[in-house]
Amino acid sequence: MNDPTPEGDPEQRRRIARQFIEVIPHARALGMRLDQLSAEGAEISLPWREDLVGDPRSGVIHGGVISALMDTCSGAAVMAHPAGAHSTATIDLRIDYMRAATPGQTIRAKAHCYHITRSVAFVRAWAMDDDESRPVASATGAFTVER
């Protein structure tokens with residue numbers, strides 16, 4: 001029997017997650033682009049822009065921009081999960097910054113929702129520039145599951 005709800009239709013889940021991301025004002029203002037979305041997770045990129053720089057002397061993107069990117073990508077992973085949510089909000093997000101992003105390079109975040117309960121989803125995420133072997137930051141988070 002086919003389930004007409006979004007939980008039963010992977011394409012419908014992806015469409016809802018895309019719409020969710022596209023209506024977030026800060027995601028649009030920062031220039032985030034949804035590159036990949038599947039049951040396995042999400043990938044969002046953010047091109048380097050001068051107005052996102054936190055230290056004008058070095059040209060390094062502000063850590064808050066990286067944080068917003070990882071948070072948004074993690075929420076997208078929750079929304080795209082087969083047992084995911086119609087909407088979600090961040091409960092907790094721990095970010096470990098490992099190095100400065102290389103000035104001028106696009107930053108990409110990848111997130112994976114690895115466990116989901118009735119009301120909470122758990123996510124791991126990474127942010128990287130062109131050197132994927134050396135992440136800029138990693139994150140773990142908990143997100144609400146609104147069904």
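The side chains of Arg57, exposed with a relative accessible area of 78%, and Asp55 meet in a salt bridge at 3.5 Å, N to O. This pair belongs to a predicted model whose structure holds 8 salt bridges. The chain has 3 helices and 8 strands, and a search of the whole structure finds 0 disulfides. The points below cover the overall fold, the nonpolar core, selected residues, the salt bridges and the cysteines.

**Overall fold**

- The C-alpha trace spans about 60 × 25 × 25 Å along its principal axes.
- Of the 147 residues in the chain, 45% are buried.
- Among contacts between residues at least 6 apart in sequence, 61% join residues at least 24 apart.

**Nonpolar core**

- In soluble globular proteins, nonpolar side chains tend to be buried together.
- In this model, the largest nonpolar core has 41 residues, and Met32 and Met70 are those with the most contacts inside it.
- At least two residues of this core come from each of helix H1 (10-22), helix H2 (25-30), strand S2 (41-46), helix H3 (63-80), strand S6 (107-116), strand S7 (120-128) and strand S8 (137-144).
- Helix H3 supplies the largest share of this core, 11 residues.
- Leaving out residues up to four places away in sequence, Met32 touches His26, Ala27, Ile44, Ser45, Leu46, Ala68, Leu69 and Thr72.

- Ser45 lies in strand S2.
- With a relative accessible area of 1%, Ser45 is buried, because the cut-off for that class is under 20%.
- The side chain of Ser45 makes a polar contact with the side chain of Asp35 at 2.7 Å.
- Beyond its neighbours within four places in sequence, Ser45 is in contact with Gly31, Met32, Arg33, Asp35, Thr106, Ile107 and Arg108.

**Asp71 in helix H3**

- Asp71 is found in helix H3 and counts as partly exposed, at 25% relative accessibility.
- Apart from neighbours within four places in sequence, Asp71 is in contact with Thr90, Leu93 and Phe143.
- Asp71 and Ser138 are 67 residues apart in sequence, and their C-alpha atoms are 11 Å apart in space.

**Salt bridges**

- Asp55, the partner of Arg57, counts as partly exposed at 27% relative accessibility.
- Another salt bridge joins the side chains of Arg94 and Asp96 at 2.7 Å, N to O; Asp96 counts as partly exposed, at 30% relative accessibility.
- The side chains of Glu132 and Arg108 meet in a salt bridge at 2.9 Å, N to O.
- The Glu132–Arg108 pair links distant parts of the chain, with Glu132 in the loop between S7 and S8 and Arg108 in strand S6, 24 residues apart.
- Within this pair, Glu132 counts as partly exposed at 44% relative accessibility, whereas Arg108 is buried, with a relative accessible area of 14%.
- Glu43, Arg108, Lys110 and Glu132 are linked in a network of salt bridges.

**Cysteines**

- A disulfide is a covalent bond between the sulfur atoms of two cysteines.
- Why is Cys73 too far from the closest cysteine sulfur for a bond? The sulfur of Cys73 is 12 Å from that of Cys113, and a disulfide requires a pair of sulfur atoms within 2.5 Å.
- Cys113 is likewise in no disulfide, the nearest cysteine sulfur being that of Cys73, 12 Å away.
- Cys73 counts as buried, at 0% relative accessibility.
- Cys113 is also buried, with a relative accessible area of 4%.

Notes
Residues numbered from 1 in each chain as written. Predicted model: local features only at pLDDT ≥ 70, side-chain atom pairs only at ≥ 80, totals over all residues. Heavy atoms only, no water. Buried < 20%, exposed > 50% of the residue type's maximum accessible area, 1.4 Å probe, protein only. Core = buried A, V, L, I, M, F, W, Y, C linked by side-chain atoms within 4.5 Å. Helix = DSSP H or I, 4+ residues; strand = E, 2+ residues; numbered from the N terminus. Contact = heavy atoms within 4.5 Å. Polar contact = N/O pair within 3.5 Å; in protein donor to acceptor, adjacent residues only side chain to side chain. Salt bridge = Lys/Arg side-chain N within 4 Å of Asp/Glu carboxyl O.
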